Amino acid sequence: MARFRPLTAGNSYEVELYVTVPGNGLTYIKRTRDTYQAGATVALQVLGADGRAVHSETITLKPPVISDTTIGIKNPQSFLRRLTLRGGQYTIKAELKDMYRKTAGTFKAEEPLALDLPAAAPVLSDIVFLAKAAGKTTEQNNFTRGGYSLVRTPAGNYGRGADQLYFYLELYNAPAGQPLTLHYHVESGEGFAADADAPLGQAKAGRPTTVAGELPLGGLSQLGVETDGTYALTVEVRSGKKVLASRTGQFVRTRQEYAPAGASLPR
């Protein structure tokens with residue numbers, strides 16, 4: 001989940017919900033003489049503080065057709081939904097079912113969602129981790145934001161073949177006209193830590209300031225991220241030595257698996 005705060009929306013937020021279904025755990029059925037395909041359904045619900053559903057839908061995900069079901073790596077499938085919600089407390093529920101295994105149980109996930117970002121003080125949106133650098137675009141759809149095309153990496157996962165850390169976030173309510181800088185801090189629970197800095201320029205009056213970032217040290221390996229596991233990235237916006245806003249997000253290094261593809265459109 002990622003929370004954003006459109007400045008013209010009053011007490012409303014844009015929330016992005018990103019769901020990924022691994023391909024390895026699904027059942028594949030024969031489609032043609034030499035091709036096989038799996039499928040999964042995801043029932044997605046957003047519940048308000050009173051327990052009532054404010055959004056509900058069922059998504060069908062089908063990984064690409066394959067010709068050999070014995071291969072160890074099968075493509076995961078991802079889905080992105082962008083919702084507009086009023087400020088408050090919510091619960092996100094998702095139920096996953098394998099379409100072609102009748103005896104399979106339902107996998108359930110439940111996460112709290114608090115829409116309570118400060119209305120006037122400088123604040124950062126949540127961090128969206130990307131599979132590749134954000135690209136400038138004039139298109140308007142679920143895969144674009146702030147004038148950029150964003151290819152999200154599911155659950156902040158950087159697998160085999162993905163060595164550069166890209167991310168996107170937005171800065172709200174920063175004082176206009178002041179030169180700003182970014183400070184990045186990466187750490188793990190095992191004691192690893194690294195820092196980097198980058199320029200940001202000046203905040204934009206009356207609209208969000210976009211941060212399409214990447215760690216400027218040449219990739220995860222050169223940064224020192226050599227061990228698989230969970231890492232925390234903290235992004236700080238500074239004016240001189242003063243920290244105006246900060247946000248922390250977690251990404252995962254899993255070099256035993258190939259990096260998942262970006263989100264797909266629902267079927």
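Biologist: What does the accessible surface of the protein come to?
Modeller: The accessible surface comes to about 13,600 Å², of which 48% belongs to carbon and sulfur atoms, with areas taken from the Shrake-Rupley method with a 1.4 Å probe, where for residues only the protein chains shown count as cover. This is a predicted model, in which local features need pLDDT of at least 70 and side-chain atom pairs count only at pLDDT 80 or more, while totals for chains, interfaces and linings use all residues. Residues are numbered from 1 along each chain as its sequence is written, and side-chain values use heavy atoms, leaving out hydrogens and water.

Biologist: How many salt bridges are there?
Modeller: The count comes to twelve, a salt bridge being a side-chain nitrogen of Lys or Arg within 4 Å of a carboxyl oxygen of Asp or Glu.

Biologist: Which residues are linked in a network?
Modeller: Salt bridges link E14, E16, R82, R145, R152 and E170 in a network.

Biologist: And how far apart are N and O for E170 and R145?
Modeller: Their side chains meet at 3.0 Å, N to O. E170 lies in strand β16 (residues 166-172) and R145 in strand β13 (residues 144-145), so the pair ties together parts 25 residues apart in sequence; strands are DSSP runs of E, at least two residues long, numbered from the N terminus.

Biologist: Is E170 buried or exposed?
Modeller: E170 is buried, with a relative accessible area of 5%, and R145 also counts as buried at 8%, where buried means under 20% relative accessible area, exposed over 50% and partly exposed in between (1.4 Å probe, protein chains only).

Terms used
Helix = DSSP H or I, 4+ residues; strand = E, 2+ residues; numbered from the N terminus.
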